[in-house]
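Subject: Structure for you, with notes

Hi,

Here is the structure for you to open. My notes follow below it.

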Amino acid sequence: MKRVRITAIRKVEHKDLMQLYENPIQHTCDISEGEVFISENGLKPQGFCESAWQSVKEFVTELANGGGNFYDGWMKNPYSALISCNDGFRPVSFLLEAID
C-alpha cells in the first residue's frame, strides 16, 4: 500500500453563519492551514479530526491502494484529490496525495 499525505490547504470560517445558526461551543476545529498528516495503510492518522476523516477516508483508501483518476481526470495529478470536510461553519480543504 502507498502512504497518503493529507495537507490542510485552506480553512474558511463563515462567521455570519456561525452567528446565525451555531450554538456557542468550547472546542472547535484544531486543524491549521499547512498542517500535514500521513496515512499509513489507508488508516486515519493520529490527531486527525474524526469528522474530517469521514469526509476523506474513501479517497485515502483508494489512493493507498494505488487507485486515482477520480471523476475522469478531475485533478492534474491523477493520484491526488482535493476534498473538504463537511463542517459547514469552518470547512477545511485537504489535498490528498499518494506518496512512495
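How many salt bridges does the count come to? The count is seven salt bridges, taking a salt bridge as a side-chain nitrogen of Lys or Arg within 4 Å of a carboxyl oxygen of Asp or Glu.

Before the details, a word on the source. This is a predicted model, where local features need pLDDT of at least 70 and side-chain atom pairs count only at pLDDT 80 or more, while totals for chains, interfaces and linings use all residues. Residues are numbered from 1 along each chain as its sequence is written, and side-chain values use heavy atoms, with hydrogens and water left out.

**Salt bridges**

Start with Glu-97 and Arg-5. They form a salt bridge, with the closest N and O atoms 3.1 Å apart. Glu-97 sits in strand β4 and Arg-5 in strand β1 (residues 3–11), so this pair ties together parts that are 92 residues apart in sequence. Helices (H or I, at least four residues) and strands (E, at least two) are DSSP runs, numbered from the N terminus. Glu-97 is buried, at 18% relative accessible area. Arg-5 is partly exposed, at 30%. For these words, buried means under 20% relative accessible area, exposed means over 50%, and partly exposed lies in between (1.4 Å probe, protein chains only).

Next, Glu-13 and Lys-15. Their salt bridge has its closest N and O atoms 3.0 Å apart. Glu-13 is partly exposed at 40% relative accessibility, and Lys-15 is exposed at 57%.

Then Arg-90 and Asp-87. Their side chains meet in a salt bridge of 3.4 Å, N to O. Arg-90 is buried, with a relative accessible area of 6%. Asp-87 is partly exposed, with 22%.

There is also a network: salt bridges link Arg-3, Glu-40 and Asp-100. Take a look at the backbone of Asp-100 too. Its phi is positive, about 40°, although Asp-100 is not a glycine. Asp-100 lies in the segment after β4 and is exposed, at 62% relative accessibility.

**The largest pocket**

Arg-90 and Asp-87 turn up again here. Both belong to the lining of the largest pocket, which also includes His-27, Thr-28, Cys-29, Ile-31, Cys-49, Ser-51, Ala-52, Cys-85, Val-92 and Phe-94. The volume of this pocket is about 150 Å³. Helix α2 (50–64) and strand β4 (92–99) each supply at least two of the lining residues. By class, the lining has seven nonpolar, three polar and two charged residues. Ala, Val, Leu, Ile, Met, Phe, Trp, Tyr, Cys and Pro count as nonpolar, Asp, Glu, Lys and Arg as charged, and the others, Gly among them, as polar.

How was the pocket found? Rolling a probe the size of a water molecule over the atoms shows where empty space is left. On a 1 Å grid over the protein atoms alone, a pocket is an open set of points where a 1.4 Å probe fits, with protein on both sides within 12 Å along at least five of seven lines; lining residues have an atom within 4 Å of a point. Grid points are joined across faces, edges and corners, and the volume is the space filled by probe spheres set on the points.

**Aromatic pairs**

The count comes to five aromatic pairs. Rings of Phe, Tyr and Trp (its six-membered ring) pair if their centres lie within 6.5 Å; planes under 30 degrees apart are stacked, over 60 edge-to-face, and the rest tilted. Phe-48 and Phe-94 have ring centres 5.2 Å apart and planes at 55°, so the pair is tilted. This pair links distant parts of the chain: Phe-48 is in the loop between β2 (36–39) and α2, Phe-94 is in strand β4, and they are 46 residues apart. Both are buried. Tyr-71 and Trp-74 make an edge-to-face pair, 5.4 Å centre to centre with 75° between the planes. Trp-74 is partly exposed at 37%. Tyr-71 is exposed at 61%, and has a positive phi of about 55° although it is not a glycine. Tyr-71 is placed in the loop between α2 and β3 (80–84). Ring pairs also link Phe-37, Phe-48, Trp-53 and Phe-94 into a cluster.

**Strand β2**

With Ser-39, Phe-37 makes up the covered face of β2; Val-36 and Ile-38 make up the uncovered one. Phe-37 is also the bridge partner of Ile-6. Four bridges join β1 to β2, and the two run antiparallel; strands pair if DSSP finds at least two bridges between them.

Best wishes
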